[in-house]
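This report goes through one protein chain, part by part. Please look at the sequence and the structure before reading on.

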Amino acid sequence: MSQNISGINITHSVNASQIQELQNFDDAESKSVKVNSQLESTDEDLYQEVDFEDMSLQEVTAAAQSLENELLGLQMQLDILEQTVKSNEEIKANYEKQCEELKEQVKQVQKEICSAETPQEKMQLRKKQSALNKSIQDLSSQITSLLYEIKANGSMESALRSEYTETKYDYSRAQIAQGDKQKALDRELKASDKNSTIQLSSSGSTTSTNAASANPSAAPSGASSGKSSNNMLNALKGWEGLRTTAYKCAAGVWTIGYGHTGNVSPGQTISEAQAEQYLRQDLSSFENEVTSLAKNVGVKLTQGQYDALVSFSYNCGGGALKKSGILEMLKGGNIDGAASKLKQYVHGGGKVLPGLVSRRETEASWLYT
(Lines give C-alpha, C1' and ligand atoms only; values in the text may rest on other atoms or scores of the structure.)
Protein backbone atom coordinates (compact mmCIF):
# COMPACT_ATOMS: atom_id res chain seq x y z
CA MET A 1 0.00 0.00 0.00
CA SER A 2 1.26 3.50 -0.80
CA GLN A 3 0.00 6.92 0.37
CA ASN A 4 1.27 10.46 -0.04
CA ILE A 5 0.83 12.55 3.09
CA SER A 6 1.91 16.21 2.79
CA GLY A 7 4.60 15.31 0.30
CA ILE A 8 5.83 12.28 2.31
CA ASN A 9 5.57 8.97 0.43
CA ILE A 10 4.45 6.11 2.70
CA THR A 11 4.59 2.44 1.69
CA HIS A 12 3.96 -0.72 3.74
CA SER A 13 2.36 -4.15 3.49
CA VAL A 14 -1.02 -3.43 5.13
CA ASN A 15 -3.72 -3.37 2.47
CA ALA A 16 -6.89 -1.29 2.42
CA SER A 17 -9.15 -4.17 3.49
CA GLN A 18 -7.04 -4.77 6.60
CA ILE A 19 -7.28 -1.09 7.57
CA GLN A 20 -11.05 -1.12 7.04
CA GLU A 21 -11.29 -4.32 9.09
CA LEU A 22 -9.28 -2.68 11.87
CA GLN A 23 -11.77 0.18 12.02
CA ASN A 24 -14.57 -2.29 12.88
CA PHE A 25 -13.00 -2.80 16.31
CA ASP A 26 -12.54 -0.38 19.18
CA ASP A 27 -8.77 -0.59 18.83
CA ALA A 28 -5.98 -2.83 17.57
CA GLU A 29 -5.40 -4.44 20.96
CA SER A 30 -8.97 -5.78 21.23
CA LYS A 31 -8.72 -7.39 17.79
CA SER A 32 -5.35 -8.94 18.52
CA VAL A 33 -6.74 -10.54 21.67
CA LYS A 34 -9.73 -11.87 19.71
CA VAL A 35 -7.52 -13.35 16.93
CA ASN A 36 -5.23 -14.95 19.50
CA SER A 37 -8.13 -16.59 21.37
CA GLN A 38 -9.58 -17.95 18.12
CA LEU A 39 -6.26 -19.45 17.09
CA GLU A 40 -5.79 -21.06 20.49
CA SER A 41 -9.28 -22.59 20.55
CA THR A 42 -8.91 -23.84 16.97
CA ASP A 43 -5.51 -25.35 17.77
CA GLU A 44 -6.96 -27.25 20.73
CA ASP A 45 -9.85 -28.60 18.64
CA LEU A 46 -7.71 -29.79 15.72
CA TYR A 47 -4.82 -31.65 17.31
CA GLN A 48 -5.16 -35.39 17.71
CA GLU A 49 -2.27 -37.65 18.60
CA VAL A 50 -1.43 -40.09 15.81
CA ASP A 51 -1.69 -43.78 16.74
CA PHE A 52 1.14 -45.79 15.21
CA GLU A 53 0.42 -48.99 17.15
CA ASP A 54 -1.88 -50.56 14.55
CA MET A 55 0.25 -49.50 11.56
CA SER A 56 2.54 -51.82 9.65
CA LEU A 57 6.25 -51.11 9.29
CA GLN A 58 5.66 -49.82 5.76
CA GLU A 59 2.85 -47.51 6.93
CA VAL A 60 4.89 -46.11 9.81
CA THR A 61 7.77 -45.46 7.42
CA ALA A 62 5.44 -43.60 5.05
CA ALA A 63 3.93 -41.66 7.97
CA ALA A 64 7.40 -40.64 9.17
CA GLN A 65 8.26 -39.35 5.69
CA SER A 66 4.97 -37.43 5.52
CA LEU A 67 5.54 -35.86 8.95
CA GLU A 68 9.07 -34.87 8.01
CA ASN A 69 7.77 -33.11 4.89
CA GLU A 70 5.14 -31.37 7.03
CA LEU A 71 7.85 -30.16 9.40
CA LEU A 72 9.79 -28.68 6.49
CA GLY A 73 6.64 -26.87 5.29
CA LEU A 74 5.89 -25.47 8.73
CA GLN A 75 9.47 -24.28 9.13
CA MET A 76 9.23 -22.49 5.79
CA GLN A 77 6.01 -20.76 6.89
CA LEU A 78 7.62 -19.71 10.16
CA ASP A 79 10.63 -18.27 8.33
CA ILE A 80 8.38 -16.22 6.03
CA LEU A 81 6.28 -15.01 8.96
CA GLU A 82 9.33 -13.98 10.96
CA GLN A 83 10.63 -12.02 7.97
CA THR A 84 7.25 -10.30 7.58
CA VAL A 85 7.17 -9.30 11.25
CA LYS A 86 10.74 -8.00 11.04
CA SER A 87 9.91 -5.96 7.92
CA ASN A 88 6.80 -4.46 9.54
CA GLU A 89 8.77 -3.57 12.66
CA GLU A 90 11.26 -1.67 10.51
CA ILE A 91 8.45 0.15 8.66
CA LYS A 92 6.78 1.06 11.96
CA ALA A 93 10.05 2.46 13.29
CA ASN A 94 10.36 4.56 10.13
CA TYR A 95 6.81 5.91 10.57
CA GLU A 96 7.52 6.78 14.20
CA LYS A 97 10.65 8.65 13.13
CA GLN A 98 8.62 10.59 10.53
CA CYS A 99 6.04 11.45 13.20
CA GLU A 100 8.72 12.88 15.45
CA GLU A 101 10.10 14.97 12.59
CA LEU A 102 6.62 16.31 11.78
CA LYS A 103 6.05 17.19 15.44
CA GLU A 104 9.26 19.20 15.42
CA GLN A 105 8.01 21.01 12.33
CA VAL A 106 4.71 21.78 14.13
CA LYS A 107 6.67 23.33 17.01
CA GLN A 108 8.66 25.46 14.57
CA VAL A 109 5.48 26.63 12.82
CA GLN A 110 3.97 27.50 16.19
CA LYS A 111 6.93 29.75 16.91
CA GLU A 112 6.53 31.36 13.50
CA ILE A 113 2.83 32.01 14.17
CA CYS A 114 3.70 33.79 17.39
CA SER A 115 6.18 36.06 15.59
CA ALA A 116 4.06 36.66 12.48
CA GLU A 117 3.26 40.35 11.89
CA THR A 118 0.14 40.20 9.70
CA PRO A 119 -3.14 38.24 9.96
CA GLN A 120 -2.63 36.86 6.45
CA GLU A 121 0.79 35.46 7.39
CA LYS A 122 -0.64 33.89 10.55
CA MET A 123 -3.48 32.32 8.56
CA GLN A 124 -1.05 30.71 6.11
CA LEU A 125 1.05 29.38 8.95
CA ARG A 126 -2.02 27.94 10.72
CA LYS A 127 -3.00 26.13 7.49
CA LYS A 128 0.49 24.68 7.34
CA GLN A 129 0.24 23.64 10.99
CA SER A 130 -3.13 22.00 10.32
CA ALA A 131 -1.69 20.04 7.37
CA LEU A 132 1.23 18.87 9.49
CA ASN A 133 -1.11 17.74 12.28
CA LYS A 134 -3.19 15.86 9.69
CA SER A 135 -0.04 14.13 8.45
CA ILE A 136 0.84 13.15 12.02
CA GLN A 137 -2.67 11.79 12.52
CA ASP A 138 -2.50 9.75 9.29
CA LEU A 139 0.92 8.37 10.19
CA SER A 140 -0.35 7.44 13.65
CA SER A 141 -3.21 5.57 12.01
CA GLN A 142 -0.74 3.66 9.83
CA ILE A 143 1.35 2.83 12.90
CA THR A 144 -1.77 1.49 14.65
CA SER A 145 -2.57 -0.65 11.60
CA LEU A 146 0.97 -2.02 11.61
CA LEU A 147 0.71 -2.76 15.32
CA TYR A 148 -2.40 -4.80 14.61
CA GLU A 149 -0.70 -6.72 11.81
CA ILE A 150 2.38 -7.36 13.93
CA LYS A 151 0.21 -8.65 16.78
CA ALA A 152 -1.89 -10.80 14.43
CA ASN A 153 1.24 -12.27 12.83
CA GLY A 154 2.62 -12.90 16.30
CA SER A 155 -0.51 -14.86 17.18
CA MET A 156 -0.23 -16.81 13.93
CA GLU A 157 3.43 -17.50 14.62
CA SER A 158 2.53 -18.81 18.08
CA ALA A 159 -0.06 -21.16 16.56
CA LEU A 160 2.39 -22.37 13.92
CA ARG A 161 5.08 -23.00 16.52
CA SER A 162 2.58 -25.01 18.54
CA GLU A 163 1.70 -27.05 15.44
CA TYR A 164 5.42 -27.48 14.67
CA THR A 165 6.05 -28.79 18.19
CA GLU A 166 3.17 -31.27 17.95
CA THR A 167 4.25 -32.45 14.50
CA LYS A 168 7.84 -32.83 15.66
CA TYR A 169 6.57 -34.89 18.61
CA ASP A 170 4.58 -37.16 16.27
CA TYR A 171 7.60 -37.45 13.96
CA SER A 172 9.78 -38.56 16.88
CA ARG A 173 7.15 -41.12 17.89
CA ALA A 174 6.93 -42.38 14.30
CA GLN A 175 10.71 -42.86 14.20
CA ILE A 176 10.60 -44.77 17.51
CA ALA A 177 7.68 -46.90 16.28
CA GLN A 178 9.54 -47.56 13.04
CA GLY A 179 12.59 -48.77 14.95
CA ASP A 180 10.50 -50.91 17.31
CA LYS A 181 8.58 -52.56 14.46
CA GLN A 182 11.80 -53.25 12.59
CA LYS A 183 13.30 -54.85 15.69
CA ALA A 184 10.15 -56.94 16.18
CA LEU A 185 10.34 -58.12 12.57
CA ASP A 186 14.03 -58.96 12.97
CA ARG A 187 13.25 -60.95 16.15
CA GLU A 188 10.48 -62.80 14.33
CA LEU A 189 12.79 -63.67 11.46
CA LYS A 190 15.48 -64.88 13.86
CA ALA A 191 12.92 -66.99 15.72
CA SER A 192 11.75 -68.51 12.43
CA ASP A 193 15.33 -69.24 11.48
CA LYS A 194 15.96 -70.89 14.85
CA ASN A 195 12.83 -73.03 14.62
CA SER A 196 13.72 -74.09 11.10
CA THR A 197 17.20 -75.12 12.22
CA ILE A 198 15.73 -77.24 15.03
CA GLN A 199 13.32 -78.93 12.62
CA LEU A 200 16.10 -79.57 10.14
CA SER A 201 18.27 -81.31 12.71
CA SER A 202 15.43 -83.63 13.74
CA SER A 203 13.74 -84.21 10.36
CA GLY A 204 16.66 -84.19 7.91
CA SER A 205 16.28 -82.55 4.54
CA THR A 206 12.46 -82.65 4.65
CA THR A 207 12.23 -79.23 6.30
CA SER A 208 14.96 -77.44 4.37
CA THR A 209 12.39 -75.91 2.01
CA ASN A 210 10.36 -74.69 5.00
CA ALA A 211 13.45 -73.08 6.45
CA ALA A 212 14.05 -71.16 3.25
CA SER A 213 10.46 -69.90 3.13
CA ALA A 214 10.49 -68.83 6.78
CA ASN A 215 13.76 -66.95 6.63
CA PRO A 216 14.06 -64.14 4.05
CA SER A 217 17.86 -64.22 4.18
CA ALA A 218 17.90 -67.86 3.03
CA ALA A 219 16.56 -67.42 -0.49
CA PRO A 220 16.26 -70.52 -2.74
CA SER A 221 19.08 -71.12 -5.19
CA GLY A 222 18.96 -72.19 -8.81
CA ALA A 223 17.71 -70.56 -11.99
CA SER A 224 14.78 -68.15 -11.83
CA SER A 225 11.33 -69.62 -12.33
CA GLY A 226 9.98 -66.29 -13.56
CA LYS A 227 7.78 -66.04 -10.45
CA SER A 228 8.43 -64.78 -6.94
CA SER A 229 9.30 -67.53 -4.46
CA ASN A 230 7.31 -68.20 -1.30
CA ASN A 231 10.40 -67.07 0.59
CA MET A 232 10.24 -63.61 -0.98
CA LEU A 233 6.47 -63.47 -0.58
CA ASN A 234 6.77 -64.16 3.16
CA ALA A 235 9.40 -61.44 3.54
CA LEU A 236 7.25 -58.96 1.62
CA LYS A 237 4.30 -59.75 3.89
CA GLY A 238 6.42 -58.88 6.90
CA TRP A 239 7.58 -55.61 5.38
CA GLU A 240 4.15 -54.52 4.20
CA GLY A 241 2.03 -55.76 7.12
CA LEU A 242 -1.49 -57.23 6.86
CA ARG A 243 -4.68 -55.16 7.26
CA THR A 244 -7.91 -57.05 6.52
CA THR A 245 -10.12 -53.93 6.81
CA ALA A 246 -9.83 -51.04 4.37
CA TYR A 247 -7.99 -47.98 5.68
CA LYS A 248 -6.52 -44.77 4.36
CA CYS A 249 -2.74 -44.84 4.07
CA ALA A 250 -0.50 -41.86 4.91
CA ALA A 251 -1.06 -40.56 1.36
CA GLY A 252 -4.86 -40.65 1.83
CA VAL A 253 -5.42 -43.65 -0.49
CA TRP A 254 -7.82 -46.45 0.49
CA THR A 255 -5.69 -49.54 1.09
CA ILE A 256 -6.24 -53.12 2.21
CA GLY A 257 -4.33 -56.38 2.65
CA TYR A 258 -0.58 -56.10 2.09
CA GLY A 259 -0.67 -52.58 0.67
CA HIS A 260 -3.17 -53.27 -2.13
CA THR A 261 -4.84 -50.09 -3.48
CA GLY A 262 -6.83 -51.18 -6.55
CA ASN A 263 -10.65 -50.88 -6.31
CA VAL A 264 -10.68 -50.59 -2.50
CA SER A 265 -13.78 -49.10 -0.87
CA PRO A 266 -14.41 -47.78 2.67
CA GLY A 267 -15.56 -50.51 5.08
CA GLN A 268 -14.32 -53.32 2.83
CA THR A 269 -13.00 -56.43 4.58
CA ILE A 270 -11.08 -59.40 3.18
CA SER A 271 -9.59 -62.65 4.39
CA GLU A 272 -5.88 -63.34 4.74
CA ALA A 273 -6.11 -65.61 1.70
CA GLN A 274 -7.68 -62.82 -0.35
CA ALA A 275 -4.95 -60.43 0.83
CA GLU A 276 -2.30 -62.86 -0.43
CA GLN A 277 -4.13 -63.17 -3.74
CA TYR A 278 -4.11 -59.38 -4.11
CA LEU A 279 -0.41 -59.32 -3.27
CA ARG A 280 0.39 -61.91 -5.95
CA GLN A 281 -1.68 -59.94 -8.47
CA ASP A 282 0.14 -56.72 -7.62
CA LEU A 283 3.50 -58.48 -7.86
CA SER A 284 2.79 -59.90 -11.32
CA SER A 285 3.39 -56.58 -13.10
CA PHE A 286 6.74 -56.17 -11.34
CA GLU A 287 7.66 -59.78 -12.11
CA ASN A 288 6.95 -59.17 -15.79
CA GLU A 289 8.96 -55.96 -15.73
CA VAL A 290 12.01 -57.59 -14.13
CA THR A 291 11.79 -60.48 -16.61
CA SER A 292 11.61 -58.05 -19.53
CA LEU A 293 14.49 -55.88 -18.28
CA ALA A 294 16.70 -58.92 -17.64
CA LYS A 295 15.97 -60.19 -21.15
CA ASN A 296 16.84 -56.82 -22.69
CA VAL A 297 20.14 -56.70 -20.81
CA GLY A 298 20.84 -60.35 -21.61
CA VAL A 299 21.36 -61.60 -18.06
CA LYS A 300 20.11 -64.89 -16.68
CA LEU A 301 19.01 -64.45 -13.08
CA THR A 302 19.03 -66.94 -10.26
CA GLN A 303 15.85 -67.30 -8.21
CA GLY A 304 17.40 -65.33 -5.38
CA GLN A 305 18.45 -62.52 -7.70
CA TYR A 306 15.02 -62.48 -9.30
CA ASP A 307 13.34 -62.27 -5.87
CA ALA A 308 15.66 -59.44 -4.82
CA LEU A 309 14.97 -57.38 -7.93
CA VAL A 310 11.18 -57.93 -7.85
CA SER A 311 11.11 -56.89 -4.17
CA PHE A 312 13.28 -53.86 -4.95
CA SER A 313 11.06 -52.84 -7.89
CA TYR A 314 7.91 -53.32 -5.79
CA ASN A 315 9.36 -50.85 -3.29
CA CYS A 316 11.21 -48.37 -5.52
CA GLY A 317 9.65 -48.90 -8.96
CA GLY A 318 10.86 -50.54 -12.15
CA GLY A 319 12.30 -47.24 -13.33
CA ALA A 320 14.73 -47.20 -10.42
CA LEU A 321 15.92 -50.72 -11.31
CA LYS A 322 16.38 -49.81 -14.97
CA LYS A 323 18.48 -46.73 -14.13
CA SER A 324 20.49 -48.36 -11.33
CA GLY A 325 22.77 -50.48 -13.54
CA ILE A 326 22.28 -53.46 -11.20
CA LEU A 327 21.28 -55.80 -14.03
CA GLU A 328 24.35 -54.85 -16.04
CA MET A 329 26.56 -55.55 -12.99
CA LEU A 330 24.96 -58.96 -12.53
CA LYS A 331 25.52 -59.74 -16.21
CA GLY A 332 29.20 -58.91 -15.78
CA GLY A 333 29.45 -61.09 -12.67
CA ASN A 334 29.94 -58.12 -10.36
CA ILE A 335 27.58 -59.27 -7.61
CA ASP A 336 29.40 -57.22 -4.96
CA GLY A 337 28.85 -54.08 -7.02
CA ALA A 338 25.18 -54.92 -7.57
CA ALA A 339 24.67 -55.54 -3.83
CA SER A 340 26.45 -52.29 -2.96
CA LYS A 341 24.28 -50.36 -5.42
CA LEU A 342 21.11 -51.95 -4.04
CA LYS A 343 22.02 -50.87 -0.51
CA GLN A 344 22.15 -47.22 -1.59
CA TYR A 345 18.34 -47.06 -1.89
CA VAL A 346 17.63 -46.49 1.80
CA HIS A 347 16.56 -42.84 1.90
CA GLY A 348 13.19 -41.28 2.55
CA GLY A 349 12.58 -37.55 3.02
CA GLY A 350 16.31 -36.92 2.75
CA LYS A 351 17.22 -39.29 5.59
CA VAL A 352 18.33 -42.91 5.97
CA LEU A 353 15.40 -45.07 7.12
CA PRO A 354 16.25 -48.09 9.31
CA GLY A 355 13.43 -50.16 7.80
CA LEU A 356 14.81 -49.69 4.29
CA VAL A 357 18.36 -50.43 5.44
CA SER A 358 17.23 -53.80 6.80
CA ARG A 359 15.17 -54.55 3.68
CA ARG A 360 18.05 -53.71 1.32
CA GLU A 361 20.41 -55.89 3.37
CA THR A 362 18.08 -58.85 2.97
CA GLU A 363 17.56 -58.23 -0.75
CA ALA A 364 21.31 -57.82 -1.28
CA SER A 365 21.95 -61.20 0.39
CA TRP A 366 19.58 -62.85 -2.09
CA LEU A 367 21.79 -61.71 -4.98
CA TYR A 368 24.42 -64.27 -3.93
CA THR A 369 22.01 -67.26 -4.06
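## Helix α11 and its cover

The buried residues of α11 are covered by elements that include α8, α10 and α12. Within α11, the residues G337, A338, A339 and L342 are buried. The model is a predicted one, and every value below is computed from it.

Two of those residues, A338 and A339, are touched by L367. Leaving aside residues up to four places away in sequence, L367 also touches Q305, A308, L309, L330, I335 and L342.

## Helix α8

Helix α8 covers residues 303-316, which makes 14 residues. From the first C-alpha to the last it reaches 20 Å, close to the 20 Å expected at 1.5 Å a residue. Just after the helix, G317 takes a positive phi of about 100 degrees.

Twelve of the 14 residues of α8 are buried, so the helix is largely enclosed by the rest of the structure. The buried residues are Q303, G304, Q305, Y306, D307, A308, L309, V310, S311, F312, S313 and Y314. They pack against α6 (230-240), α7 (272-297), α9 (318-324), α10 (326-331), α11 (335-342) and α12 (354-366).

## S311 and W366

S311 is a residue of helix α8. Its relative accessible area is 0%, so S311 counts as buried. Not counting residues up to four places away in sequence, S311 touches M232, L236, W239, R359, E363 and W366.

W366 lies in helix α12 and counts as buried at 0% relative accessibility. Besides the contact with S311, there is a C-alpha to C-alpha distance of 4.7 Å between W366 and G304. Along the sequence, W366 and G304 are 62 residues apart.

## Aromatic pairs

A search of the whole structure finds three aromatic pairs. One of them is formed by F286 and Y314, with 5.4 Å centre to centre and 70 degrees between the planes, an edge-to-face arrangement. F286 belongs to helix α7 and Y314 to helix α8, so the pair ties together parts that are 28 residues apart in sequence. Both F286 and Y314 are buried.

F312 and Y345 have ring centres 4.9 Å apart and planes at 85 degrees, so this pair is edge-to-face. It links distant parts of the chain, with F312 in helix α8 and Y345 in the loop between α11 and β5 (347-348), 33 residues apart.

## Nonpolar cores

In soluble globular proteins, nonpolar side chains tend to be buried together. In this chain the largest nonpolar core has 40 residues. The residues with the most contacts inside this core are L283, L301, L309, L321, L327, L330 and L367. At least two residues of the core come from each of α6, α7, α8, α9, α10, α11 and α12. The largest share, nine residues, comes from α7.

There is also a second, separate core of 14 residues, which includes V109, I113, A116 and L139.

L242 lies in the loop between α6 and β3 (243-248). At 33% relative accessibility, L242 counts as partly exposed. L242 touches G257, Y258, E272 and A275, not counting residues up to four places away in sequence. The C-alpha atoms of L242 and I256 are separated by 7.8 Å, with the two residues 14 apart along the chain.

Further along, the charged end of R243 sits over the ring of Y247, 4.1 Å from the ring centre.

## The chain as a whole

The secondary structure comes to twelve helices and six strands. Of the 369 residues in the chain, 40% are buried. The chain exposes about 20,000 Å², and carbon and sulfur atoms supply 50% of this area.

Which share of the contacts between residues at least 6 apart in sequence joins residues at least 24 apart? The share is 68%.

Conventions:
Residues are numbered from 1 along each chain as its sequence is written. This is a predicted model: local features need pLDDT of at least 70, side-chain atom pairs count only at pLDDT 80 or more; totals for chains, interfaces and linings use all residues. Side-chain values use heavy atoms; hydrogens and water are left out. Helices (H or I, at least four residues) and strands (E, at least two) are DSSP runs, numbered from the N terminus. The expected span of a helix is 1.5 Å times one less than its number of residues. Buried means under 20% relative accessible area, exposed over 50%, partly exposed in between (1.4 Å probe, protein chains only). Contact means heavy atoms within 4.5 Å. A nonpolar core is a set of buried Ala, Val, Leu, Ile, Met, Phe, Trp, Tyr and Cys residues joined through side-chain atoms within 4.5 Å. Accessible areas come from the Shrake-Rupley method with a 1.4 Å probe; for residues, only the protein chains shown count as cover. Rings of Phe, Tyr and Trp (its six-membered ring) pair if their centres lie within 6.5 Å; planes under 30 degrees apart count as stacked, over 60 as edge-to-face and the rest as tilted. A charge sits over a ring if NZ of Lys or CZ of Arg is within 6 Å of the ring centre and within 35 degrees of the ring normal.
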